[in-house]
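Here are some notes to read beside the coordinates. They are set out as numbered points, one topic to each.

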Amino acid sequence: MARIVVVTSGKGGVGKTTTSAAFASGLALRGHRTVVIDFDVGLRNLDLVLGCERRVVYDVVNVIHGEARLQQALIRDKHCENLYVLPTSQTRDKDALTQEGVAAIMEELKQDFDYIVCDSPAGIERGALMALYHADEAIVVTNPEVSSVRDSDRILGIIAARSRRAEAGQEPVKEHLLLTRYAPKRVQGGEMLSIDDVQELLRIPLLGVIPESESVLQASNQGIPAIHMKGTDVAAAYEDVVARFLGEDRPLRFTQPEKTGFFKRLFGG
Amino acid sequence: MSLLDYFLGTRKKTASVAKERLQLILAHERAADAPDFLPALQAELLAVIAKYIPVDQDKIKVTMERRGDYEVLELNILFPDQH
């Protein structure tokens with residue numbers, strides 16, 4: 001039976017889609033049959049980050065309307081064979097996703113896959129609620145910055161109250177904190193919230209820390225999930241995240257500033 | 001931030017300002033999201049207690065808050081002075 005994982009945050013631009021693509025790819029690289037679904041109706045972007053934008057024929061709304069079968073809409077990832085992508089629709093109809101339609105798709109996907117990763121849109125509107133509704137686990141992507149932390153707290157409240165598990169009175173959704181765009185040097189200088197600060201504020205277990213890095217833009221420019229950027233901190237950090245999610249014990253990396261020389265430390269720089 | 005800045009104390013640590021502001025606003029917003037059965041619970045508790053002890057409507061307070069992994073239901077009743 002598949003586990004359903006939502007990647008969410010409340011705030012936009014914190015790295016949900018980057019994380020969805022990297023995390024789903026990481027699960028697939030570990031041999032798990034994985035599907036990643038874009039829930040951002042009207043603002044399709046997961047396809048670009050995964051580099052499959054020119055292969056989109058049918059989307060999730062076509063499947064809900066019965067215009068295509070699920071198998072026709074699923075796109076096989078070109079980087080790893082165990083990964084499939086279900087693109088969202090570019091329609092401007094905000095009611096395009098129906099509760100029943102999404103539920104039917106989830107049921108069908110559960111038969112074929114080990115993990116279903118749901119890439120949530122920003123905000124707390126319909127698309128975001130649909131993305132988190134079926135979740136067994138939630139990865140809350142947060143930047144060490146005031147508005148992102150506040151919005152993460154807000155989305156945690158919504159997960160606790162409005163998910164299927166909450167409505168059915170089942171065991172609550174398992175929550176994970178993923179801190180992204182982390183700049184250890186700025187944390188050391190007292191100008192950025194630390195890992196401990198954010199954990200103390202949000203009170204959920206830490207899944208990992210992704211350092212701020214130029215590689216993320218380099219990856220999305222080319223349509224390659226960041227976890228495939230061999231030799232970069234970001235790829236290694238995402239590999240750790242996947243390993244921890246699967247139950248391995250991995251120490252945090254890239255959370256301390258690189259060593260700087262004496263004069264640089266004295267005069268700043 | 002350089003060591004010179006540190007000794008001269010020229011820059012304020014904005015991260016700690018951010019943390020304090022977040023602690024306040026998150027506590028406030030979590031309280032606003034408290035379960036909506038609280039007013040009803042408060043009214044019913046008051047009715048039961050008033051059957052045995054005379055208490056004022058405004059001398060009973062029911063709050064719910066999260067402390068770490070626990071949710072704590074706090075019931076605060078102020079009894080009238082003994083005559």
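1. Two residues are in contact when they have heavy atoms within 4.5 Å of each other. By that criterion, of the contacts in chain B with a separation of 6 or more, 26% are between residues 24 or more positions apart. The model is a predicted one, and the points below should be read with that in mind.

2. Chain B contains three helices and two strands. Their order from the N terminus is α-α-α-β-β. Of the 83 residues in chain B, 17% are buried; the cut-off for buried is under 20% relative accessible area.

3. In chain A, helix α1 (residues 16-29) packs on helix α12 (residues 233-245) at an angle of about 60°, and the two axes are 9 Å apart. The pair therefore counts as oblique. The crossing of α1(A) past α12(A) is right-handed.

4. Which residues make the contact between α1(A) and α12(A)? From α1(A) come Thr18(A), Thr19(A), Ala22(A), Phe23(A), Gly26(A) and Leu27(A). From α12(A) come Tyr238(A), Val241(A), Val242(A) and Phe245(A). By type, the contact of α1(A) with α12(A) has seven nonpolar residues, three polar ones and no charged ones.

5. Helix α10 of chain A spans residues 195-202, and its buried residues are Ile195(A), Asp197(A), Val198(A), Leu201(A) and Leu202(A). Viewed down the axis of α10(A), these buried residues lie within an arc of 165°, so they line one face of the helix. As background, an α-helix has 3.6 residues a turn, so residues three or four places apart point the same way.

6. What covers the buried residues of α10(A)? The cover includes elements of both chains. From chain A there are β6 (137-142), α7 (146-162), β7 (174-182) and β8 (206-211), and from chain B there is α2 (14-32). After α10(A) comes Arg203(A), which has a positive phi, near 55°.

7. Where does Leu43(A) lie? Leu43(A) is in the loop between β2 (34-38) and α2 (46-50) of chain A. Is Leu43(A) buried or exposed? Leu43(A) counts as exposed because its relative accessibility is 54%, and the cut-off for exposed is over 50%. Between Leu43(A) and Ala226(A) the sequence distance is 183 residues, and the C-alpha to C-alpha distance is 21 Å.

Definitions and conventions:
Residues numbered from 1 in each chain as written. Chains lettered and ligands numbered in written order. Predicted model: local features only at pLDDT ≥ 70, side-chain atom pairs only at ≥ 80, totals over all residues. Heavy atoms only, no water. Axes fitted to C-alpha atoms, helices over the stretch in contact; angles between N-to-C directions. Helix = DSSP H or I, 4+ residues; strand = E, 2+ residues; numbered from the N terminus. Parallel < 35°, antiparallel > 145°, perpendicular 65-115°, else oblique. Left-handed = near helix turned anticlockwise from the far one by under 90°. Nonpolar A, V, L, I, M, F, W, Y, C, P; charged D, E, K, R; others polar. Buried < 20%, exposed > 50% of the residue type's maximum accessible area, 1.4 Å probe, protein only. Arc of directions from axis to C-beta.
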